[in-house]
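Visitor: Please show me the model. I would like to go through its domains and its ligand site.

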Amino acid sequence: MAQRPQIYTKLNYPKFAELNNLASEKLGGKVLFATDDWFAAAENLLKEDPPEWREGEFTVYGKWMDGWETRRKRKPGHDWCIIRLGMPGTIAGVDVDTSYFTGNYAPRVSIQAATLAGPEERQLPQRVSGMGREASEVELTQAAKLNSQNWTTIIPMTEAKPGYHDTCHNFLQVTPATSTTRYTHIRLNIFPDGGVARFRVFGSAVPDWSSVSHSQIVDLAAAVSGGSCVGYSDAHYGHPRNLISPGRGINMGDGWETARRLDRPPVLIEDERGVLKVSGYEWAILRLGHTGTVHELEIDTHHFKGNFPDSCRVDGCLLPLDADLQYIKEKAVWKTILPSQKLHSHTQHHFKQEVIAVGQVSHVKVVMAPDGGISRVRVLGKIFNKL
Ligand SMILES: NC(=O)NC(NC(N)=O)C(=O)[O-]
């Protein structure tokens, strides 16, 4: 079993790939239909784990592959699948990751998107997942009915590259005219057939804030609230967008983990209050889904036992929600919401008394000292101005 470590900082990813993957099974993404799942089922597309290769492993259908792989077509047409996003949102770009599909990768792809209501979705045939399956003519006709009136092409047919180590990521930016529309469903078309290991749809959730009152406490930073990570100092082992994923972290990989700082061993320094602290820090900036006031914070070091940070501080600032990192760096006036707190191994820390009322904020900066891993951050507060 060969698996590449997922290291974000060393790869030249486009900026949109820092956003949340709205199709991820972790955020509730679901495959609703696929024309063919012969060699490998389409559900693999939405997995969070990096794709893997199993040397010499075969199933009754062929070589075991980690992804979605259809049979070689012997008739006209192409394969496609429909995915319901984990949450409705705007899409900036996608990654058609063909890892390990070399002589059998999907050579051309196009992406369509739609905003479908429940009853429209229920027109689709019931999905039965599993390899070795092919949609019947009746199912195909039923699923294709959804095609004509609803789908907008957000990425026209584009050549994909095979899944070798240096070519496997096919990052495709959506057509600008479609990048501000709120979509619920995606149709991934592969021409004519073949395999894709993972399909990531990078964007921001657009929740319905009209149903949230000003007195309600909500997690303003959560991915489901439209929160996203806009910058960080280091994401060697785990991307800080994991901090705002739903639920508890499933393992250490499902959190923000930095590399060990090279200025180790840290030295003890005195802060402005005379408290001794370790030197060095790492930071991540989270854009809230809605401007608001912060009342409570949760810092969860779940699974981080030999590598939890010594301490953590949270600052906030008020800027336009669409500010980019450069603008934030130049213009932000950071105010401390949570003064530095000692952290503990594998613990959900709740802070309420310690939280300082700094007024409304649009972004928070999570600062960990000196380095290590945090699983989740919950920024619990009240929305301020209706957007
Ligand atoms: N060796 C293969 O991968 N062959 C076939 N694919 C699988 N998974 O067996 C194919 O379609 O080319």
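**Domains and ligand site**

Guide: Eleven residues of domain 1 are in contact with 16 residues of domain 2, contact meaning heavy atoms within 4.5 Å. This is a predicted model, in which local features need pLDDT of at least 70 and side-chain atom pairs pLDDT 80 or more, while totals for chains, interfaces and linings use all residues. Residues are numbered from 1 along each chain as its sequence is written, and side-chain values use heavy atoms, without hydrogens and water.

Visitor: Which three residues supply 52% of the area that domain 1 buries against domain 2?

Guide: Buried area is the accessible area (1.4 Å probe) that two parts lose on being put together, summed over both. Domain 1 and domain 2 bury about 1000 Å² between them, with 45% of it on carbon and sulfur atoms. Of the part that domain 1 buries, 52% comes from E18, N20 and K26.

Visitor: Which side chains meet in a salt bridge?

Guide: A salt bridge here is a side-chain nitrogen of Lys or Arg within 4 Å of a carboxyl oxygen of Asp or Glu. Between domain 1 and domain 2 the count is one. At 2.8 Å, N to O, the pair is K26 and D254.

Visitor: Which residue has a polar side-chain atom 2.8 Å from a nitrogen atom of the ligand?

Guide: The residues around the ligand (a heavy atom within 4 Å) are F39, G62, K63, M65, E69, R72 and N104. K63 uses a backbone N or O atom, 2.8 Å from a ligand oxygen atom, and the side chain of N104 has an N or O atom 3.1 Å from a ligand oxygen. The ligand nitrogen is 2.8 Å from a polar side-chain atom of E69.

Key: A polar contact is a pair of N or O atoms within 3.5 Å; within protein, one must be able to donate a hydrogen and the other to accept it, and residues adjacent in sequence count only if both atoms are side-chain atoms.
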